[in-house]
Amino acid sequence: IDWFLKQKFYNPDGPNGMFYFGHEVSIRYLDRRVNHLDTAIANAVVRRSGNLTESSLGYEIFIGSRWMKDAGNAGWTVDIFFGVGVAARSFNKKYLSDPGREIQILDNYFEKEIKSRIYFPVQIGLNIGFMSPKSKSKTQ
């Protein structure tokens, strides 16, 4: 699950599009599951299962430019942007097959996913879309 709250501040339309800057708050929740058949035990097959949940909260700033043929009317739009941020994340391991006991084979899978508790996301993007016609306000 990813939730983003983004705010953009546009400049007037010019020859290079509508330059903007903005910021974003992001909340992320990821759930990873592992099912492992352990055949290392003689004459037995043991199923080991567990999950790793990750929660993160981040803040990012970005700049970009949106191009339209006519900013006052409906039409196709191209938006290119670049942003950087900082985010903190936490991890929770849960062993479903043997609760309360760490299982090394599952930890090997989880350690590949657990990295730094703080990370610095970089956003580079291109959005292509269609702007719908603007409605006239009653005061015009």
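Contact, as used in these legends, means heavy atoms within 4.5 Å. The structure is a predicted model, in which local features need pLDDT of at least 70, side-chain atom pairs count only at pLDDT 80 or more, and totals for chains, interfaces and linings use all residues. Residues are numbered from 1 along each chain as its sequence is written, and side-chain values use heavy atoms, with hydrogens and water left out.

**View 1. Surroundings of isoleucine 114.** Apart from neighbours within four places in sequence, isoleucine 114 is in contact with Leu52 and Phe91.

**View 2. The largest nonpolar core.** A nonpolar core is a set of buried Ala, Val, Leu, Ile, Met, Phe, Trp, Tyr and Cys residues joined through side-chain atoms within 4.5 Å; buried means under 20% relative accessible area, exposed over 50%, and partly exposed in between (1.4 Å probe, protein chains only). The eight residues of the largest core are Val34, Leu52, Phe91, Tyr95, Ile103, Leu106, Phe110 and Ile114. Strand S4 (75-95) and helix H1 (104-113) are the elements that give two or more residues to this core. Helices (H or I, at least four residues) and strands (E, at least two) are DSSP runs, numbered from the N terminus.

**View 3. The two sides of helix H1.** Leu106, Asp107 and Phe110 are the buried residues in H1. They line one face of the helix, because they fall within an arc of 100 degrees seen down its axis, the arc being that of the directions from the helix axis to the C-beta atoms. Gln104 and Lys112, on the other side of H1, are exposed. The cover over the buried residues of H1 includes S2, strand S3 (46-68) and S4.

**View 4. Serine 26 in strand S2.** Serine 26 lies in S2 (residues 18-38) and is buried, with a relative accessible area of 12%.
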